[in-house]
Amino acid sequence: MNLRNWRLIAILVLALSLLAAACGGDDEGDAATTAAPSGDTETTAAADDAEAIKVAFVHVGPVADKGWSWAHDQGAQYLEANANVEITTLESIPEGSDSQRVFEDLAAAGNQVIFGTSFGYMDPMLAASENFPDVAFLHATGFKTGPGMGNYFGAAEEGRYLSGMAAGAATDSNLIGYVAAFPIPEVLRGINAFTLGAQEVNPDAQVQVVWTSTWFDPPKEGAAAKSLLDAGADVIAMHQDSAAPGQEAEAAGAKWVGYNTDMTEFAPSAWLTAAIWDWGPYYLKTVEDFVAGNWEATAYYGNMADGMVDIAPYGDSVDQATIDLIEERKAQIIDGSFSVFPDPIMNQDGAEQPLGDIFSMDFFVEGVIGSPTG
Amino acid sequence: MNESTLILTLFAAIGLGTPLVFGTVGEIITERAGNLNLGVQGMMLVGAVAGFWATFNTENLLLGVIVAMLAGAALSVVHAFASVTLRVSQIVSGLALTIFGTGLSSFLGETGSEPLVGEPSKATFEPILEGGLADIPILGPLVFGHDIMVYVSWITVAAASFYVFRTRMGLSLRAVGEDPASAESAGVNVARVRYIHIMIGGAFAGLGGAYYSLALVPTWQNEPIGQAGWICIALVILASWRPSRALFAAYLFGAAERIQFTLQTLGEPWSNVPSNLLAMLPFILAIVAMLALTSGKRARFLGAPAALGLPYFREQR
């Protein structure tokens, strides 16, 4: 046997031992984790005389992003605490056609309700839903439904408007920077509502938009925020799921309006507030409807009145007068006496135009600097 | 674009380019030994999480930097063992290292009783050398007021340049990269030289990764470095395997990364340029620059180590 063969054997042995070590670890871990919950489900199953329903969540980023996916995961935890469910969570699943396989695998594995929490899952999920007619598919933020796929989202613009009021009151330079994700209606609604809110308390405030074409890329989003600060903005708002824009604002001594969740810890002195999500009650109701046989594949649009959208705790630098003003508007939004978008509405060019369908919004309102097409 | 916008943009470009300086200089040193390590992305990510972890637990930035370098070097040993000792294809081994390192960094960030993921850093690099000399026109505001790692990167470049071209060890290094058989007949231990310089490359990749998690975006998030590792490998060619040119290649890239946002804030007509086009800018720049440098007669002067990518079989000359 020559030297080459020995090397081959050495590589094989090394590879196999690594594999064995990895598998050994996994087996132990799996045994430990599955043993405890299955014991639990047996006891609850005996008590409820019902089997746990399998529910799956698919996220575009890590659930620990403390942003968008984290907010959905909080909702999943609320569901788990309040219903007899067995939850599977998949993180960092890329959008696009490959995700169809992920949804179909989940359906084939016995999941009966499957939530996909990012825009780009829309078509792949629709295709998967046609192959699994008995499974309830639910897609967040999209605009398509099918016989087996509903969609859900909420009026983030209501929270955006209120957080815009905090930004308008905080700016001295009257230039607010907005780190924007992709030029789609959801993002444009957010920017427009934010601008209208800022201008209600500060008619001179303008909102400069910079597009990053990312949902989660911290160095890029941080660099975009820095470019806005360098251009003279003293308040930064953003749409993406990372806290990087807030950390840039903190380092520059500016203020920050976040999104999705309370992110105070990332930038304690920059923090103003944010539009935030509470998905839990919706997830619980959807699963309960499904179990009772009442689920229908419809489009659901939550809002501040039903609690899906809210505004985060205020930072220390938000003064009481501003808080009172925001809370007053919030009460009016909830009781329906105030609507965020007027109709007709002033567009970016200073011309009045009909509001139209807000779900296909493709323009900027007066006071936004930047291009609504990206 | 007025003067102050230009200076602010270039200043930010230096910050954005700094992790690339570390990663590129490290990879240049590795490739000078005739070893192509495509695992930079993986080593940077592992360095990023290790450095963040150390600083998170000790609130000590120096310790974070040291741990990041050790972690990057430790990971690079896997590649060194596979490609130098076992003579596996360097391409395959390096790619495997990136895939492994990417997964490992995410895993380390999510494991343990208090997972790091989603946590802000307990300490971060602050600007130094502000005021005073910073009043010198143009040069002042560009050179002063960075964090200490930017200055460390300049020292690193100077030291690497001196080491590669002006020392006996550097001569052995270049000899191994050009013609390992001749180097060995001159008494150089080829395997040892390659091991050492693969590890140096790994250490600097780890340091570059830590610059992201401790300075640029002081938070732990999964894969917080974009595609920096791959960019470093392209920048090695752009820098034509010279540490001093790596500095400018990295800043060029940092500037392109930043200008896509600056242009959007400049109003008409700049804001009419589609942002997706601007997002491609750094990559277009890299491709154009590489084509310009590697085509035709210029390629000969580029200075790629002749034995780059080739495993060395001592007994098969």
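In strand 12 of chain A, which residue is the bridge partner of A:A275? Select A:I311: that residue is the partner of A:A275. Helices (H or I, at least four residues) and strands (E, at least two) are DSSP runs here, numbered from the N terminus.

This is a predicted model, in which local features need pLDDT of at least 70 and side-chain atom pairs count only at pLDDT 80 or more, while totals for chains, interfaces and linings use all residues. Residues are numbered from 1 along each chain as its sequence is written, and chains are lettered from A and ligands numbered from 1 in the order in which they are written.

**Stop 1**

Two strands pair if DSSP finds at least two bridges between them. Now extend the selection to the open sheet of seven strands in chain A, whose order is 12-10-9-8-6-7-15, with mixed pairing. Its edge strands are strand 12 (309–311) and strand 15 (368–369) of chain A, each pairing on one side only.

Contact means that the C-beta atoms of two residues, placed from the backbone, lie within 7 Å.

**Stop 2: strand 5 and its partners**

Select strand 5 (residues 149–154) of chain A. Five of its six residues are buried, that is, they have 20 or more other C-beta atoms within 10 Å of their own; exposed means 12 or fewer, partly exposed lies in between, and C-beta atoms are placed from the backbone. Strand 4 (residues 136–140) of chain A runs parallel to strand 5 and is joined to it by four bridges. On that side, A:H139 stands opposite A:N151. Strand 11 (residues 299–302) of chain A is also parallel to strand 5, again with four bridges, and there A:Y152 stands opposite A:Y300.

**Stop 3: helix 3**

Select helix 3 (residues 99–108) of chain A. Buried here are A:S99, A:V102, A:F103, A:L106 and A:A107. Seen down the helix axis, these buried residues fall within an arc of 135 degrees, so they line one face of helix 3; the arc is that of the directions from the helix axis to the C-beta atoms. On the other side, A:R101 and A:A108 are exposed. The buried residues pack against strand 1 (53–58), strand 2 (85–90), strand 3 (113–116), helix 4 (122–131) and strand 4 of chain A. After helix 3 comes A:G110, with a positive phi near 95 degrees.

**Stop 4: the two domains of chain A**

Colour chain A by domain: domain 1 is 49–154 and domain 2 is 156–275 + 310–369, with bounds from an automatic or database domain assignment. Taken over C-alpha atoms, their centres are 29 Å apart. Domain 1 gives 13 residues to the contact and domain 2 gives twelve. On the domain 1 side, the largest share, four residues, comes from helix 2 (residues 68–82) of chain A.

**Stop 5: backbone details**

Select A:D343 and A:P344, which are joined by a cis peptide bond with omega about 0 degrees. A:P344 is in the loop between helix 10 (320–335) and strand 13 (345–346) of chain A.

In chain B, go to B:R87, a residue other than glycine whose phi is positive, near 60 degrees. B:R87 lies in the loop between helix 3 (61–85) and helix 4 (90–110) of chain B, and counts as partly exposed, with 15 C-beta neighbours inside 10 Å. Then select B:E223, whose phi is also positive, about 50 degrees. B:E223 is buried, with 21 other C-beta atoms within 10 Å.

**Stop 6: where the chains touch**

Finally, show both chains. The contact takes 32 residues from chain B and 34 residues from chain A. On the chain B side, helix 11 (243–262) gives the largest share, four residues.
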